[in-house]
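Subject: Structure handover

Hi,

Here is the structure I promised to pass on. My notes follow below it.

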Amino acid sequence: MPGTELRALIMRSFDRPTTLVLVLPSLPFSSFPSFSFSFLPTNTQLLEQYSSAKFVAGAVVMATSHNWAVLAAGRFIVGMAVGAASSVVPVFITEAAPPHLRGTLTVINVVCVSSGQCLASVVDALFSRVPQGWRYMFGISAVPAVCQFIGMLFLPGWPEKKKKKTKRK
């Protein structure tokens with residue numbers, strides 16, 4: 001079955017020490033954009049769009065990879081993007097939503113993320129029988145990131161910064 005060798009290699013290769021070696025170096029690369037965008041008035045859009053673009057780039061790298069090292073590099077890029085995006089969204093919900101809706105919106109966010117993971121597993125199962133299906137699995141993961149990138153264009157600026165600007169005037 002196509003992709004079986006790659007799948008077996010991935011399963012053998014990603015033991016705990018390897019994962020640790022890949023995760024620790026990514027921390028500075030993930031936190032630097034968060035820190036640098038924090039001084040801009042619309043840092044939520046920029047950080048989320050940066051994360052979305054990074055996710056799309058990682059998905060393309062994974063879908064076009066021809067060896068384990070390139071695939072691991074793509075996973076590294078996608079991991080940084082997911083980490084950055086998943087840390088900003090709950091904070092934005094907390095600051096943007098009125099107090100009586102914060103819990104509900106946070107639960108909706110978690111349910112949507114979990115539903116997306118479930119849907120991704122179903123799609124992956126469908127592609128598992130297709131020749132070179134693992135490439136489609138990784139490539140199609142860019143679609144939600146593109147949608148998020150476009151959606152962020154319509155999101156208002158960071159609420160806390162807007163409050164500070166209003167208080168100064």
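Arginine 135 sits in helix H6, residues 133–140. Helices here are DSSP runs of H or I with at least four residues, strands are runs of E with at least two, and both are numbered from the N terminus. This is a predicted model, in which local features need pLDDT of at least 70, side-chain atom pairs count only at pLDDT 80 or more, and totals for chains, interfaces and linings use all residues. Residues are numbered from 1 along each chain as its sequence is written, and side-chain values use heavy atoms, with hydrogens and water left out.

Which residues does arginine 135 contact, leaving aside neighbours within four places in sequence? They are Ala63, Thr64, Ser65 and His66. Contact means heavy atoms within 4.5 Å.

The arginine 135 side chain also makes a polar contact with the side chain of glutamine 132, at 2.7 Å. A polar contact is a pair of N or O atoms within 3.5 Å; within protein, one must be able to donate a hydrogen and the other to accept it, and residues adjacent in sequence count only if both atoms are side-chain atoms.

Glutamine 132 lies in the loop between H5 and H6. Its phi is positive, about 60°, although it is not a glycine. Glutamine 132 counts as partly exposed because its relative accessibility is 37%. The scale: buried is under 20% relative accessible area, exposed is over 50%, and partly exposed is in between (1.4 Å probe, protein chains only).

Next, the helices on either side of that loop. The axes of H5 and H6 come within 8 Å and cross at roughly 155°. Axes are lines fitted to C-alpha atoms, for helices over the stretch in contact, and angles run from 0 to 180 degrees between N-to-C directions. H5 and H6 are therefore roughly antiparallel. That word covers angles over 145 degrees; under 35 is roughly parallel, 65 to 115 roughly perpendicular, and the rest oblique. In H5, Val123, Asp124 and Phe127 meet Gly133, Tyr136, Met137 and Ile140 of H6. By class, this contact has five nonpolar, one polar and one charged residues. Nonpolar means Ala, Val, Leu, Ile, Met, Phe, Trp, Tyr, Cys and Pro; charged means Asp, Glu, Lys and Arg; the others, Gly among them, are polar.

H5 (residues 102–127) also packs against H4 (residues 68–96), at an angle of about 155° with axes 9 Å apart. That makes H4 roughly antiparallel to H5. On the H4 side are Val89, Pro90, Ile93 and Thr94; on the H5 side are Arg102, Leu105, Thr106 and Asn109. The contact of H4 with H5 divides into four nonpolar, three polar and one charged.

One more pair to look at. Cysteine 147 is in helix H7, residues 142–152, and serine 52 is in helix H3, residues 43–63. The two are 95 residues apart in sequence and 8.7 Å apart in space, C-alpha to C-alpha. Is each buried or exposed? Cysteine 147 is exposed, at 52% relative accessible area. Serine 52 counts as buried, at 3% relative accessibility. Not counting residues up to four places away, serine 52 touches Ala145, Gln148 and Phe149.

Finally, the whole protein. It has eight helices and zero strands. Of its 169 residues, 27% are buried. Among contacts with a separation of 6 or more, 70% join residues 24 or more positions apart.

Best wishes
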